[in-house]
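Thank you all for making time this morning.

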Amino acid sequence: MLYIGNFKMDIPTENYIAELENIDKCGEELWLALPYPYLSKYAQNLERAGIVMGAQNVTSAVVKESTGEVSAEMLLDVGCAFTLVGHSERRKDKGETYGRIVEKCQQALAKGLNVVLCVGESREDYENGNTSRVLEKQLREVLTTLKEINYNNFIIAYEPIWAIGTGLIPSIDEIEVVVRHIKSMTEKWAKSELRVLYGGSLKANNAKLLKSADGVDGFLIGGACKKVDELQKIIKA
Ligand code: PGA
């Protein structure tokens with residue numbers, strides 16, 4: 001299983017990182033997406049602990065005259081192995097259009113960063129039975145446009161927007177249907193079966209249940225990754 005923590009805009013304290021260095025990964029993969037300013041600061045600690053460090057975003061800009069942007073090369077340079085792309089909090093508030101998401105994926109993958117592409121439907125789409133259609137649109141745009149990339153470095157995180165930070169989760173059946181659908185789309189358009197993660201309100205108390213979902217290769221964890229004991233319980237569940 002692959003567990004990816006998304007620290008969002010919280011500050012990872014030195015105490016937190018020190019505790020995290022002692023976590024028992026139980027032989028699983030643990031990745032952590034930190035805010036940009038903390039990447040250099042904690043790169044060595046995470047490396048020592050065998051935790052893969054990544055960013056929460058990467059630029060789509062190609063020219064150096066892009067004030068305030070952070071490129072894939074910079075992320076690699078400070079020790080990142082991956083970046084999230086297209087998290088719903090960025091699609092919603094930060095003008096992250098389909099075109100921009102494709103460019104980000106293309107550039108990051110071409111430079112050798114792993115990409116975790118976040119997809120997921122809104123509450124309204126979920127209630128209207130449009131989940132499949134929304135996911136198909138989100139994935140088709142990317143998978144049919146990317147060129148000459150290594151799909152081994154590409155992971156999909158299914159995060160229903162209505163489940164993020166709300167305490168609500170889909171049923172196990174619903175997750176299994178969606179994950180199967182995503183995998184069939186990746187086979188069709190990417191000609192390979194990509195890893196698919198689930199994200200949205202995964203906590204210590206529902207981890208065992210969510211881990212029972214067939215086909216899920218891991219989890220993207222927001223709130224619950226910020227407490228090491230909670231994260232530990234999730235990994236052990
Ligand atoms: P959550 O966030 O685990 O707090 O619901 C998940 C995410 O936004 O990636």
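This is a predicted model: local features need pLDDT of at least 70, side-chain atom pairs count only at pLDDT 80 or more; totals for chains, interfaces and linings use all residues.

Let me start with a question: where is Glu 148 found? Glu 148 sits in the loop between α7 and β6, where helices (H or I, at least four residues) and strands (E, at least two) are DSSP runs, numbered from the N terminus. Residues are numbered from 1 along each chain as its sequence is written, and side-chain values use heavy atoms, with hydrogens and water left out.

Coming back to Glu 148, this residue has a positive phi of about 45 degrees although it is not a glycine. Its relative accessibility is 83%, so Glu 148 counts as exposed; the classes are buried for under 20% relative accessible area, exposed for over 50%, and partly exposed in between, with a 1.4 Å probe and protein chains only. Ser 201 also is not a glycine and has a positive phi, of about 60 degrees, and its place is in the loop between β7 (195–199) and α9 (207–211). Ser 201, however, is buried, with a relative accessible area of 8%.

Ser 201 brings us to the ligand, which is surrounded by 13 residues, the closest being Lys 8, His 87, Glu 159, Gly 165 and Ser 201; here a residue counts as near if one of its heavy atoms lies within 4 Å of the molecule. A polar side-chain atom of Lys 8 is 2.7 Å from an oxygen atom of the ligand, and an N or O atom in the side chain of Glu 159 lies 2.7 Å from an oxygen atom of the ligand. On the backbone side, an N or O atom of Gly 223 is 2.9 Å from an oxygen atom of the ligand.

Let me turn to the strands. In β5 (residues 114–119), 6 of the 6 residues are buried, so this strand is largely enclosed by the rest of the structure. Asn 114, Val 116 and Cys 118 point one way from β5, while Val 115, Leu 117 and Val 119 point the other way. Two strands pair if DSSP finds at least two bridges between them: β4 (residues 82–85) and β5 do so in the parallel sense over 4 bridges, with Val 85 opposite Leu 117, and β5 and β6 (residues 154–158) pair, also in the parallel sense, over 5 bridges, with Val 115 opposite Phe 154.

A nonpolar core is a set of buried Ala, Val, Leu, Ile, Met, Phe, Trp, Tyr and Cys residues joined through side-chain atoms within 4.5 Å, and the largest one has 69 residues, with Cys 105, Leu 117, Phe 154 and Ile 182 having the most contacts inside it. Its largest share, 8 residues, comes from helix α8 (residues 172–190). If contact means heavy atoms within 4.5 Å, then Phe 154 touches, among others, Cys 105, Val 115, Leu 117 and Arg 195, not counting residues up to four places away in sequence.

In helix α5 (residues 98–111), the buried residues include Ile 101, Cys 105 and Leu 109, and the elements that cover the buried residues of α5 include β4, β5 and β6. The 14 residues of α5 should span 20 Å at 1.5 Å a residue, and its end C-alpha atoms are 20 Å apart, which agrees; the expected span is 1.5 Å times one less than the number of residues.

Finally, Thr 59 lies in the loop between β3 (52–55) and α3, and is buried, with a relative accessible area of 5%. Its side chain makes a polar contact of 2.6 Å with the side chain of Glu 69, and Thr 59 also touches Lys 104 and Gln 107, among other residues.

Note on methods: A polar contact is a pair of N or O atoms within 3.5 Å; within protein, one must be able to donate a hydrogen and the other to accept it, and residues adjacent in sequence count only if both atoms are side-chain atoms.
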